[in-house]
Amino acid sequence: MSRFTEPVEKIRDAAKDYVDMRVDMVKLRTVKGLSVASNHILSMSLLLILGSLFMLALAFGSVLWLGSAIGSYAGGAFIVAAFFLVLAVLVFIFRKKLFLNSFVRLFTSIFFDDSDNKEDAE
């Protein structure tokens, strides 16, 4: 390395180190984002499964209770089915507020985290 090319080689090495660090930072942010998203998806899936089991048991108990109360298990089943139909219609009507907005907030907080920007500025 000659005295003439030494500054250029130092700049090249520094630029290479900088690019390597930025690539590593992007990889770490991607891993963090995927981990948080996977955690949310798995926890929501678990809550959905547990909620479904609860609703199934509640529906079965309600059919038995209503059937004995009105004297017809078929009538109790139809009443419970009508309740779930109304619930499904309400979920369909409010699906954007329930699901889309929460996913937008989730992914925005993952990929555009303000705390990361404050650390980069320091």
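**Ground rules.** I number residues from 1 along each chain as its sequence is written, and I leave out hydrogens and water, since side-chain values use heavy atoms. As the model is predicted, local features need pLDDT of at least 70 and side-chain atom pairs count only at pLDDT 80 or more, while totals for chains, interfaces and linings use all residues.

**Rings.** I searched the whole structure for aromatic pairs (ring centres of Phe, Tyr or Trp, the latter by its six-membered ring, within 6.5 Å; planes under 30 degrees apart stacked, over 60 edge-to-face, the rest tilted) and found one. I then looked up Arg95, which lies over the face of Phe92 at 4.2 Å from the ring centre (the cut-offs being CZ of Arg or NZ of Lys within 6 Å of the centre and within 35 degrees of the ring normal).

**Val36.** I placed Val36 in helix H1, residues 6-70 (helices are DSSP runs of H or I, at least four residues, numbered from the N terminus). Leaving aside residues up to four places away in sequence, I find that Val36 touches Leu106 and Ile110, with contact meaning heavy atoms within 4.5 Å. Its C-alpha atom is separated by 23 Å from that of Arg95, 59 residues apart along the chain.

Methods:
Helices (H or I, at least four residues) and strands (E, at least two) are DSSP runs, numbered from the N terminus.
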